[in-house]
Amino acid sequence: MPDYTEEIKRRRTFAIISHPDAGKTTLTEKLLLYGGAINLAGSVKGKATARHAVSDWMEIEKERGISVTSSVLQFEYGGYCINILDTPGHQDFSEDTYRTLMAADSAVMVIDASKGVEAQTRKLFKVCVMRKIPIFTFINKMDRDANDTFDLLDEIEKELGIATCPVNWPIGSGKGFKGVYDRNKKCVITYSDTEKGTREGHSREVPIQEEGLLRETIGDGAADKLLEEVELLDGASAEFDLDEVRRGNLTPVFFGSALTNFGVEIFLKHFLEMTTTPLARKADIGLIDPVEKDFSAFVFKIQANMNKAHRDRVAFMRICSGRYDASMEVRHVQGGKVMRLSQPQQIMADERKILSEAYAGDIIGVFDPGIFSIGDTLCAPREKFCYEGIPTFAPEHFARVRQVDTMKRKQFVKGIQQIAQEGAIQIFQEFNTGLEEIIVGVVGVLQFDVLKYRLENEYNVEIRLENLPYEHIRWIENKDEVNLDKLTGTSDMKKVKDMKGNPLLLFINSWSVGMTLERNKGLVLSEFSRN
Ligand code: G4P
């Protein structure tokens with residue numbers, strides 16, 4: 001075993017997923033309080049400052065006051081080294097949000113207790129399920145009136161198709177919120193509303209068997225309800241099974257209030273015990289063990305124009321095995337070169353910390369002179385293997401793009417192809433046409449603005465975007481078995497191909513997707529492409 005094995009084993013790398021406003025930022029801030037964060041990324045900021053993002057990586061960020069990029073937070077807690085990957089939400093939701101999940105070993109799903117499962121959570125959840133990573137649920141805002149607890153759990157199970165296992169159980173909500181019941185310890189932890197931003201207040205622990213004390217502490221009404229619910233719960237809920245959690249089939253559920261910092265440390269402690277050390281990752285030579293192999297990593301995100309003055313690109317990579325130090329040589333497998341990575345750094349908003357070493361589980365950003373692509377593998381010079389690629393995720397917004405000045409054809413094609421190659425947008429063509437008719441697909445509408453801005457500023461090409469009504473895209477998985485000319489679709493269906501020539505279908509209505517499948521027996525459609 002290498003001498004840095006312990007460094008790898010103490011790493012926990014996860015992403016927090018939620019619908020905007022469920023409390024992801026607030027929860028992250030509170031988690032950092034416990035760790036005394038060593039690095040604070042631009043992602044964690046109050047709502048007010050969020051509107052004036054500190055980052056100046058792109059002018060567009062300043063103009064809109066939002067952060068286009070995602071970043072990583074690292075902090076220490078209880079002997080663990082924790083990496084939180086920020087998944088951009090709000091208007092800056094993009095394919096990068098999905099890609100970030102490819103670099104995480106587990107996900108924490110934050111749900112607003114009065115809203116239940118919402119659209120963006122559903123989307124991000126699907127990606128976690130595809131990867132079969134453990135998913136932990138934090139039901140937030142218990143200090144406000146919440147939906148019925150059983151209904152919330154039922155909704156998660158039915159809507160997301162994952163079994164739930166409450167680790168603790170809320171006692172009331174809103175003004176009547178009394179705390180949570182710890183099912184393992186069989187005691188009630190009373191709610192204490194702390195000053196915003198400070199550590200947890202002085203909660204009391206009351207064993208449920210001490211009924212007199214329990215009634216005195218939370219009142220007769222709450223005690224009766226709790227005793228009844230606990231009995232129901234013990235009979236009805238799934239048994240806690242760590243293997244099922246690790247396989248992504250069962251989600252441990254916690255209740256709390258990030259704003260008042262109640263239930264956050266309880267969650268953190270359990271989460272760290274239940275989640276995994278850096279996971280082995282699939283490559284073309286089999287699973288790569290994080291400890292057994294020397295350094296290896298894959299690129300999951302490329303950020304262009306991090307600094308306008310330098311016109312640079314930064315490739316974000318997740319270290320999958322071994323130890324990295326800045327002086328070592330690595331092989332860029334797809335580029336066929338052995339090289340030193342320049343300026344390895346941890347990217348924190350406008351602050352970049354140059355790294356001297358990092359371990360499996362960590363994320364580093366390196367200067368990219370335009371050689372890396374999303375999904376590329378880096379490994380030790382004597383090795384030569386490739387990690388499984390990052391899928392292309394279904395865009396949800398489409399536009400036809402035309403250049404204003406037709407004389408600038410060459411720059412236009414070059415620019416749009418390069419931006420697509422970086423993974424900032426996806427481009428599609430109609431069947432049987434060249435690049436004169438380009439359809440751009442994006443996951444979040446901000447990507448359209450980024451495209452327009454970058455073509456103007458970097459390639460000096462002005463474009464016009466004409467929105468198209470398509471909302472659903474499907475790759476044809478069994479393209480070799482399907483005769484595209486004979487496909488019987490719906491009237492709103494459009495056939496296109498992606499940059500690699502893969503055939504796809506665009507639909508305006510989700511109903512049409514099902515209809516097309518019904519009309520063409522044997523057709524297999526997919527929401528993402530691994531080709
Ligand atoms: P997000 O990152 O998921 O988008 O959510 P964020 O943490 O920014 O929280 C959204 C809003 O919900 C914020 O209020 C935040 O203070 C509030 N919030 C988060 N957790 C809790 C909680 O446990 N209880 C209650 N009652 N509120 C919570 P805001 O008014 O939009 O912003 P701010 O002005 O308070 O910063």
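Select helix α14, residues 510-519, where S512, V513 and T516 are buried, that is, under 20% relative accessible area, with exposed meaning over 50% and partly exposed in between (1.4 Å probe, protein chains only). Viewed down the axis of α14, these buried residues fall within an arc of 110 degrees, so they line one face of the helix; the arc is that of the directions from the helix axis to the C-beta atoms. Helices (H or I, at least four residues) and strands (E, at least two) are DSSP runs numbered from the N terminus.

The model on display is predicted: local features need pLDDT of at least 70, side-chain atom pairs count only at pLDDT 80 or more, and totals for chains, interfaces and linings use all residues. Residues are numbered from 1 along each chain as its sequence is written, and side-chain values use heavy atoms, with hydrogens and water left out.

Remain at α14 and turn to the face directed away from its buried side, which carries the exposed residues S510, W511 and E518. Next, colour the strands against which the buried residues of α14 pack: β29 (472-476), β31 (503-507) and β32 (525-526). Contact here means heavy atoms within 4.5 Å.

Within strand β29, select R474. This arginine is buried, with a relative accessible area of 14%. Apart from neighbours within four places in sequence, R474 is in contact with L504, L505, F507, V513, L525, S526 and E527. V513 is one of the buried residues of α14.

Proceed to helix α5, residues 95-102. How many of the residues of α5 are buried? The count is 8 of the 8, so the helix is largely enclosed by the rest of the structure.

Now select S18, which has its place in strand β1 (residues 11-18). S18 counts as buried, at 6% relative accessibility. Leaving aside neighbours within four places in sequence, S18 is in contact with K24, V110, Q120, T121 and L124.

A polar backbone atom of G23 is 3.0 Å from an oxygen atom of the ligand. For K141, an N or O atom in the side chain is 3.1 Å from a ligand oxygen. For T26, a polar side-chain atom lies 2.5 Å from an oxygen atom of the ligand. Taken alone, the ligand exposes 710 Å², and the protein buries 75% of that; accessible areas come from the Shrake-Rupley method with a 1.4 Å probe, and for residues only the protein chains shown count as cover.

Select G161 next, in the loop between α7 (149-160) and β6 (163-166). Is G161 buried or exposed? G161 is exposed, with a relative accessible area of 62%. Its C-alpha atom is separated by 9.5 Å from that of L250, 89 residues apart along the chain.

Finally, display the whole chain. Its secondary structure comes to 14 helices and 33 strands, and 57% of its 531 residues count as buried.

How values were computed. A polar contact is a pair of N or O atoms within 3.5 Å; within protein, one must be able to donate a hydrogen and the other to accept it, and residues adjacent in sequence count only if both atoms are side-chain atoms.
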